[in-house]
Amino acid sequence: MIKVQFWGVRGSIPTPGRETIRYGGDTTCIEIRTGNELIILDAGSGLRRLGLDLLSHTKDQPIKGHIFITHTHWDHIQGFPFFTPAFIQENLFIIHGPHYDDKYLHQILAGQMATEYFPIPIDFMSAHLDFIGLSEEKIKIGKATVSSIHVNHPGIALGYRVDYQDKAVVFTGDHEPYHFFHADPIEQLEVNGEILSAETTDIERFTEKLDQKLVDFAQDADLLIFDTAYTYDQYQNGKKGWGHSYPEYAVKIAAQANAKALALTHHDPTDTDDCVEAKVAHTLQHIQQQGLNMECFAAKVGEVINLD
């Protein structure tokens with residue numbers, strides 16, 4: 001069984017308040033349990049509450065886990081300095097994520113804890129912390145496999161897939177349809193031995209191949225967690241190039257991948273709970289119009305999903 005719990009589902013900046021109380025205002029953080037293994041996707045502000053929850057259930061036993069960072073934009077790492085288990089000596093966390101050409105993952109996470117921004121430096125974190133740079137690869141964690149893929153977002157960003165026994169969870173991270181192409185780091189694509197380049201290949205063919213690569217990555221997922229920060233109209237009217245997607249594109253990828261359930265996430269900070277629910281209703285209507293058999297819902301802080 002894979003257990004998935006959402007601790008942060010918001011994008012860009014935390015948005016507490018009465019209008020976001022149902023779905024939550026913390027930024028991205030997802031807890032995944034595969035047997036006895038703890039896998040955490042992203043370290044947004046939701047990581048703070050996850051850390052407190054872990055401490056409340058450990059009964060003085062060391063906490064061991066893997067944290068996978070999709071990318072190092074602030075809303076995906078801002079919870080890390082407030083992750084209390086990282087300050088306890090017996091604990092162990094292996095932190096995976098993309099390196100940049102001029103900075104390693106450790107330097108980036110330490111940078112937000114520099115004196116100019118935060119009163120406590122990363123050196124005060126007395127847990128054992130290992131930092132591992134990722135590209136597109138597979139990592140074994142116990143009996144689970146975590147795979148990574150480059151997605152379309154300014155800078156270097158990854159999506160993740162967790163396979164355990166016969167179940168799979170896929171998280172796109174922050175991702176924009178490939179028609180607005182962020183070249184770094186997806187400058188070339190190999191398909192059946194053929195090298196396609198954004199500069200030399202027809203853009204329609206190039207984006208189609210990239211979509212197919214994402215579809216293959218998400219194939220037969222039991223749960224596909226997809227960035228749908230905007231509506232289609234919002235995306236077309238001022239949000240192109242901002243690195244995020246909309247429900248119609250998410251449904252397209254989910255349908256082609258034969259995903260069983262689609263979770264909409266990275267709710268925009270301007271979206272109230274009512275806006276999120278309207279987006280879900282619109283997406284369900286779109287799914288019905290397409291003649292698809294697919295569960296769809298909005299990710300909600302505190303929600304637990306057991307894939308068994």
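Strands β2 (residues 29–34) and β3 (37–41) pair in the antiparallel sense over five bridges. Pairing requires at least two DSSP bridges between two strands. Strands (E, at least two residues) and helices (H or I, at least four) are DSSP runs, numbered from the N terminus. E31 stands opposite I40 in β3. Two residues separate the strands of this hairpin, and G35 takes a positive phi near 65°.

The model is predicted: local features need pLDDT of at least 70 and side-chain atom pairs count only at pLDDT 80 or more, while totals for chains, interfaces and linings use all residues. Residues are numbered from 1 along each chain as its sequence is written, and side-chain values use heavy atoms, with hydrogens and water left out.

On its other partners, β2 is joined to β1 (residues 2–8) by six bridges, and the two run antiparallel. Here F6 stands opposite I30 in β2. β3 also pairs with β4 (residues 64–68), in the parallel sense and over three bridges. L41 has F68 in β4 as its bridge partner.

These strands belong to an open sheet of seven, in the order β6-β5-β4-β3-β2-β1-β16, with mixed pairing. β6 (128–134) and β16 (304–307) are the edge strands, each pairing on one side only. The twist averages 20° from one strand to the next.

Helix α1 (residues 46–57) lies across β1, β2 and β3, running at about 40° to β2. Angles run from 0 to 180 degrees between N-to-C directions, with axes fitted to C-alpha atoms, for helices over the stretch in contact (heavy atoms within 4.5 Å). β3, α1 and β4 make a right-handed β-α-β unit; with the strands pointing away from the viewer, the path from the first strand over the helix to the second runs clockwise. Four of the five residues of β3 are buried, so the strand is largely enclosed by the rest of the structure. Buried means under 20% relative accessible area, exposed over 50%, and partly exposed in between (1.4 Å probe, protein chains only).

Nine salt bridges are counted (a Lys or Arg side-chain nitrogen within 4 Å of an Asp or Glu carboxyl oxygen). E277 bridges to R22, with the closest N and O atoms 3.1 Å apart. E277 lies in helix α6 (residues 273–289) and R22 in the loop between β1 and β2, 255 residues apart. R22, D274 and E277 are linked in a network of salt bridges. E277 is partly exposed at 34%, and R22 is partly exposed at 40%. K279 and D271 meet at 3.4 Å, N to O. K279 is buried at 7%, and D271 is buried at 6%.
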